[in-house]
Amino acid sequence: MASQTFTWTYDASSGTYKSHALSAELLKLAALEFKFVPFTKKINSFGRKMGETVTLPYYKPLDEPTSAELEEKTRIPIDQLTMGTYTITIKEWGRGVEFSSLAEDLSALSPNDGAQKALKDQMALSMDAAAAAAFTGTNAKIAFQPTSLTNGTFDTDGTPSTTALVNLTKDHLGVIRDYMANTIHTPFYTGDHYIMLAATRALRGLKNDRVIMAFNLYLQKGDLLYRGEVGMVESIRCIEVNHEAALSNDVGSGNCLGEAVVFGADAVGRIEIDYPHLRVDPNYKGDFGRRRAVAWYGTVAYDVLFQSSTDRECRIVKIASA
């Protein structure tokens, strides 16, 4: 079989020979998975030509009376409806890369195609990090910091003030689940379940304890299995996040804890005019089409829908550390 000949050039300045042969196959780096954005709720009432900020009102729940029983001659007591509001402000996002028309003409691999693939991955990671910042930011008011293998401290001002001393355990999830269900009455995300997005280290404690319930024990035929879902603990469906710009693996004393968020329905909202997408400029910087560019661009924003720690309003508990 005839052997293939490659052309070598001599570099006088460095005294080395260089081969310019290039494989026709592009080796693509592994992309991190998209986890947070699918759990955001699109606000359909916002769109083009509606300004940069949307104000979303809601009625606060009525207090439960000690008794609603009426006497025959007693008028029906009248309660007052009160309203709350929250706002989300649109933001612009984007990045790009440039290349020459000569590179496109001479390369065995298309810079245009390679740029698009790389930018799509970058766009997905950037949007997931932005959504994660909403779930973990100060507008998510309640934070839980594990301080023993069975319990921890709750903060309600949006900022964790206690250093976590241990990694996540089944007992912690039991405390959080009961707090959400019975203390702040957070509605379930689906069925009778909450959702947890957790860094790899946060889930390691649960895996080592062998307390994670397998899918077939809680999913019914036709139920959706989320990407990265590893199972369920204490009615909380657990999803692994391996994107450290979204959730850190190393917080707490001695980096003992991985971050996580547990949430119910309507936790984080999303407004958008143009969801991020790719754009190609065939004549970037002019010069008769010799420079080209590919970019992703979008106008979108994420924020907590109920920015409160109040009973029946709060939808998120962050697992974090000071």
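Q: Where is His-185 placed in this predicted model?
A: His-185 belongs to the loop between helix H3 (170–183) and strand S9 (194–199).

Q: Why is His-185 called partly exposed?
A: Its relative accessible area is 39%. Buried requires under 20% and exposed over 50%, so His-185, at 39%, is partly exposed.

Q: What makes the link between the side chains of His-185 and Asp-311 a polar contact?
A: The two side chains meet at 2.7 Å. The cut-off for a pair of N or O atoms is within 3.5 Å, so the 2.7 Å pair qualifies.

Q: How many aromatic pairs does the structure hold?
A: The structure holds ten aromatic pairs.

Q: Why is the pair of Phe-36 and Phe-135 called tilted?
A: The ring centres are 5.4 Å apart and the planes stand at 55°. Planes under 30 degrees apart would count as stacked and over 60 as edge-to-face, so 55° makes the pair tilted.

Q: What parts does this pair tie together?
A: Phe-36 lies in the loop between strand S2 (16–19) and strand S3 (40–42), and Phe-135 in helix H2 (residues 111–136), so the parts tied together are 99 residues apart in sequence.

Q: How do you know whether Phe-36 is buried or exposed?
A: Phe-36 has a relative accessible area of 0%. Buried means under 20%, so Phe-36 is buried.

Q: What makes the pair of Phe-39 and Phe-263 edge-to-face?
A: The planes of the two rings are at 70°, and their centres are 5.6 Å apart.

Note on methods:
Residues numbered from 1 in each chain as written. Predicted model: local features only at pLDDT ≥ 70, side-chain atom pairs only at ≥ 80, totals over all residues. Heavy atoms only, no water. Helix = DSSP H or I, 4+ residues; strand = E, 2+ residues; numbered from the N terminus. Buried < 20%, exposed > 50% of the residue type's maximum accessible area, 1.4 Å probe, protein only. Polar contact = N/O pair within 3.5 Å; in protein donor to acceptor, adjacent residues only side chain to side chain. Phe/Tyr/Trp six-rings, centres within 6.5 Å; stacked < 30°, edge-to-face > 60°.
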